[in-house]
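I opened this notebook to keep track of what I looked up, one entry at a time.

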Amino acid sequence: MSPRPSRYSGPQMQYFIETYGCQMNKAESAALEIIFRDHGWSPAPTPAAADLVLINTCSVRVTAENRAWGRIDHYAAEKRARAAEGRRLALVVTGCMAERMKREVKERQSAVDYVVGTFQKQAFGLVLDAVESGRELGEIEESPAFVFAKSYYEPGNFRSFLPIMHGCDNFCTYCIVPYLRGREISRSPADILAELDALEDSGVREVTLLGQNVNSYRHRDEGGHELDFPALLRHIALHLKARGRGGIRWIRFLTSHPKDLSDTLIDVIAEEPLFCRHVHLCVQSGSDRILAAMNRKYDSAAYRALVERLRARIPDLSLSTDILVGFPGETEEDNDATLALMRDVGFSYAYMYHYNPREGTPAAAMPNRVPDKVKKARLAKVIELQKEMTRSLMEGRIGAVDEVLIESVSRRRKSEVLGRTQRDEMVVFPAPPSRVGDFAKVRLLSLSGNTFRGEEILS
Ligand code: SF4
């Protein structure tokens, strides 16, 4: 698409975006980037060269917000320094923190020009018009219809992220997302397929379908016909086959809620080689009492049974997870139950955190908070066990032959490349830089930290 001519006729304006948090935020930054470019703006090589800095914030943890404040204050100082020299800098804040603290952001840091919430992104073009013309824009209106973020990929990376749904209806008691992102909205299959086509045409080989809870994807068309997540996956597989380009060969999806992962979905993954042999299945805790307090809507037996069904149908599947330690009321026995579940399942890796109260969530008002020292000690145990398990699972893979998508040239040696298997394992092996973007068959030879060293099998 050619850029929409801007009404602004001065020198070309430049933007700089800092994105924090989840893949969804990255997708939303990519969507905003399209609006910048449509307005004739270009990316600034450094923040110092930018006319506008956009900070896309995360609110999931207090530390994420503190970091955002640090960046906002940093650019506020830069803005004041420029003002002393008669130069301007526009500072715009968006993302979950902007949604959570719409008014507070400007009250606390007056250097911020605009705060754009989740349902205000349709007005982003007006923000750019205002910055270009140097005039003040009044209150930004909320849109009744959510505007979906677009897929994004880093050029040369051959992997892309494609949002298929937005929001979350689950209300886990520790999580702020449903309050900030709103209820679940599923994108139309026609939109998703059109974007997949565009990605395939631009050379993408692997796509990750994104959503806070992709398993509850459900789209109803005007005729009342419903499409759920397994049906969407079948639809995608058929569509790409019929298209016949063979460009996109792997599809992943993030994030899966155990309560919504159906047997039909397991069948689709098992039957369609397009879908990668890896599922990120957040468990959070191995204690039934804590899972109930978290409002996760499954217990540890249901989780174990689901893992069994997945492994029975897809024996080469790797599973990763999120674990949240030190939830209010958690005892040493609860933590032991988490360790036991980890041993039983054998996650290939895990994102492990200790609980911090999130203002505005039910858990923040729960009694029996676990002292910091205890949370940290429990988390250390969880991390230690996961490290051991990752190591032993990886050692068990030495000698295996698997396919990788070559993602980049190795940073250490220019004569080597870095690839990723379907199971989300990183492999470094000798190959020329021209192979980036290709698939290759490799034998896993040894381990260097959490990366395999391998050799390509040329048949
Ligand atoms: S499933 Fe739970 S943790 Fe995940 S986004 Fe929804 S409420 Fe938050």
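**Two loops**

I began with Thr255, which I found in the loop between strand S12 (250-254) and helix H9 (263-271); helices (H or I, at least four residues) and strands (E, at least two) are DSSP runs, numbered from the N terminus. Leu254 and Thr255 are joined by a cis peptide bond, with omega at about -10°. I then turned to Asn295, placed in the loop between helix H10 (288-293) and H11, and noted that Asn295 is not a glycine and still has a positive phi of about 60°.

**What I am looking at**

The model is predicted, so local features need pLDDT of at least 70 and side-chain atom pairs count only at pLDDT 80 or more, while totals for chains, interfaces and linings use all residues. Residues are numbered from 1 along each chain as its sequence is written, and side-chain values use heavy atoms, with hydrogens and water left out.

**The whole chain**

I noted 13 helices and 20 strands in the chain. Its division is into domain 1 (14-133), domain 2 (159-395) and domain 3 (401-456), with bounds that come from an automatic or database domain assignment. Between the C-alpha centres of domain 1 and domain 3 I noted 36 Å. Taken along the principal axes, the box filled by the C-alpha atoms is roughly 65 × 60 × 55 Å.

**H11 and H12**

Where do I find these two helices, and how do their axes cross? Helix H11 covers residues 300-313 and helix H12 residues 332-345, and their axes come within 11 Å and cross at roughly 10°; axes are lines fitted to C-alpha atoms, for helices over the stretch in contact, and angles run from 0 to 180 degrees between N-to-C directions. H11 and H12 are therefore roughly parallel to each other, a term for angles under 35 degrees. In contact (heavy atoms within 4.5 Å), Ser300, Tyr303, Arg304, Val307 and Arg311 of H11 meet Ala340, Leu341, Asp344 and Val345 of H12. I sorted the residues of this contact into five nonpolar, one polar and three charged, where Ala, Val, Leu, Ile, Met, Phe, Trp, Tyr, Cys and Pro count as nonpolar, Asp, Glu, Lys and Arg as charged, and the others, Gly among them, as polar.

**Around the ligand**

Among the residues that surround the ligand I listed Cys168, Cys172, Cys175, His257 and Arg296, each with a heavy atom within 4 Å of it. The shell divides into seven nonpolar, three polar and one charged.

Key:
Parallel < 35°, antiparallel > 145°, perpendicular 65-115°, else oblique.
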